[in-house]
Amino acid sequence: MAIGSGLGAQIGIAAEVTYGTFVAPTTFPEFTKQSIVLKKTTAQSAGIAAGRLMALSSRRVVTQREVSGSIELEVANKGMGLLLQALMGTTVTPVQQGVTTAYLQTHTLADTWGKSLAIQAGVPLTTGTVTDKSFVGCKVVSAEFSCEVGGMLTSTFEIDGRDCSEAQTLAVASYTPSSPFHFGQMGLKTGSFGTETALDGVRKVSVKIERPQAVDRFYANQSALKAQPISNDLVKVTGSLEMDYVATTIDDLHTSDGATALVWEFIGPNIASTFDETFRIKLPAIKVDDAPPTVDGYQVVRPTFNFTGLFDGTNPVAIEYVSTDVTL
């Protein structure tokens with residue numbers, strides 16, 4: 001019997017073969033919060049019956065079902081591959097590094113068609129019984145990564161899904177020992193793509209990747225469920241740098257509206273040979289939107305520069321992930 005609180009909760013994830021068809025979870029990430037829920041659209045009959053003063057229960061119908069919500073979790077050195085693939089769209093097979101136990105995943109931007117997940121949530125009753133909420137047709141519509149002084153690298157994945165079932169068998173969660181990436185491992189570089197150099201003074205970084213999709217594809221013959229969402233706008237990449245004003249490097253880019261490449265990385269313990277646990281976001285071109293530094297009293301000047309990621313015409317946005325995961 002599980003603990004009758006959030007301490008007994010679990011999340012399991014698997015890649016779907018067919019959009020909206022449940023697959024038993026294969027990966028169980030350790031999460032901090034999940035808010036994925038079934039949303040239903042109902043219609044109530046307005047029919048008049050002589051003398052009846054209330055709407056009739058039997059004349060309310062469900063016209064649409066869908067799923068939405070988010071998963072918040074610390075970015076760990078194992079088990080992130082399925083979520084990253086669903087976000088970025090590229091079909092990824094981890095590549096062994098040399099003859100070591102290190103494997104590189106390179107997630108570059110591609111269309112997310114066919115990249116859907118089955119997400120099974122175990123939600124405990126106070127009695128300790130864990131109820132099953134199995135969400136199918138789950139597409140990642142955005143993800144935000146953030147890390148600040150003294151903190152963990154955290155992430156929030158926004159989910160759009162097709163339906164929820166409570167009739168599946170709740171999988172037995174199994175956890176592979178892992179550790180989160182954190183500020184002590186963080187580095188940030190800017191400059192020409194491929195030759196970026198360390199940027200001093202950085203205290204906090206956030207990057208958000210949005211995958212706009214038509215999530216309203218409700219048609220006849222679909223039993224009130226949506227068809228798989230289709231990409232319907234350009235990918236949006238935004239972020240911010242909070243830093244002490246130790247140099248004018250980023251401020252000058254704001255003034256000139258010049259572009260720079262940005263590499264945000266976390267280098268963990270060594271796996272083998274020259275290969276370390278790694279989480280890296282590579283943005284080949286960013287432009288600084290605002291805000292130039294201002295002085296607000298006696299404290300160290302500490303601007304937050306907001307930026308937009310753009311395509312440099314050659315190199316794709318990429319997330320590189322080095323772990324001991326042989327598969328996603």
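One term before we start: two strands count as paired if DSSP finds at least two bridges between them. With that in hand, look at Thr 190, which stands opposite Thr 197 in β12. The two strands involved, β11 and β12 (residues 197-198), pair in the antiparallel sense over two bridges. Please keep in mind throughout that this is a predicted model.

β11 and β12 form a hairpin, and five residues sit between them. In that turn, Gly 194 has a positive phi of about 95 degrees.

Now the other partner of β11. Six bridges join β11 to β17, and this pair also runs antiparallel. Within it, Met 186 stands opposite Phe 266 of β17.

Which residues of β11 are on the covered face? They are Met 186, Leu 188 and Thr 190. Gly 187, Lys 189 and Gly 191 make up the uncovered face. As a general point, side chains in a regular strand alternate between the two faces of the sheet.

Next, the helices. I'll take α2 first, residues 249-256, where Ile 250, Asp 251 and Leu 253 are buried. Seen down the axis of α2, the buried residues fall within an arc of 160 degrees, so they line one face of the helix. The face turned away from that buried side carries Thr 255 and Ser 256, both exposed.

What covers the buried residues of α2? The cover includes β11 (186-191), β16 (236-243), β17 (259-272), β18 (275-290) and β19. After α2 comes Asp 257, with a positive phi near 60 degrees.

Helix α1 is another case. In α1, residues 81-88, eight of the eight residues are buried, so the helix is largely enclosed by the rest of the structure. Among them are Gly 81, Gln 85 and Met 88. The residue following α1 is Gly 89, and its phi is positive, near 100 degrees.

Two loop positions next. Is Phe 311 buried or exposed? Phe 311 lies in the loop between β19 (304-310) and β20 (318-323). Its relative accessibility is 62%, and the cut-off for exposed is over 50%, so Phe 311 counts as exposed. The C-alpha atoms of Phe 311 and Gly 161 are separated by 29 Å, and the two residues are 150 apart along the chain.

Ser 116 is in the loop between β6 (103-108) and β7 (117-124). At 4% relative accessibility, Ser 116 counts as buried, because the limit is under 20%. Its side chain makes a polar contact with the side chain of Glu 16, at 2.7 Å. Leaving out residues up to four places away in sequence, Ser 116 touches several others, including Ala 14, Tyr 19, Gly 137 and Cys 138.

That brings us to the cysteines. How many disulfides are there? The count comes to zero, with the rule being a pair of cysteine sulfur atoms within 2.5 Å. For Cys 138, the closest cysteine sulfur is in Cys 164, 9.1 Å away, which is too far for a bond. Cys 138 is buried, at 1% relative accessibility. Cys 147 is buried too, with a relative accessible area of 1%.

That is the end of the walk-through; I'll take questions now.

Methods
Residues are numbered from 1 along each chain as its sequence is written. This is a predicted model: local features need pLDDT of at least 70, side-chain atom pairs count only at pLDDT 80 or more; totals for chains, interfaces and linings use all residues. Side-chain values use heavy atoms; hydrogens and water are left out. Buried means under 20% relative accessible area, exposed over 50%, partly exposed in between (1.4 Å probe, protein chains only). Helices (H or I, at least four residues) and strands (E, at least two) are DSSP runs, numbered from the N terminus. The arc is that of the directions from the helix axis to the C-beta atoms. Contact means heavy atoms within 4.5 Å. A polar contact is a pair of N or O atoms within 3.5 Å; within protein, one must be able to donate a hydrogen and the other to accept it, and residues adjacent in sequence count only if both atoms are side-chain atoms.
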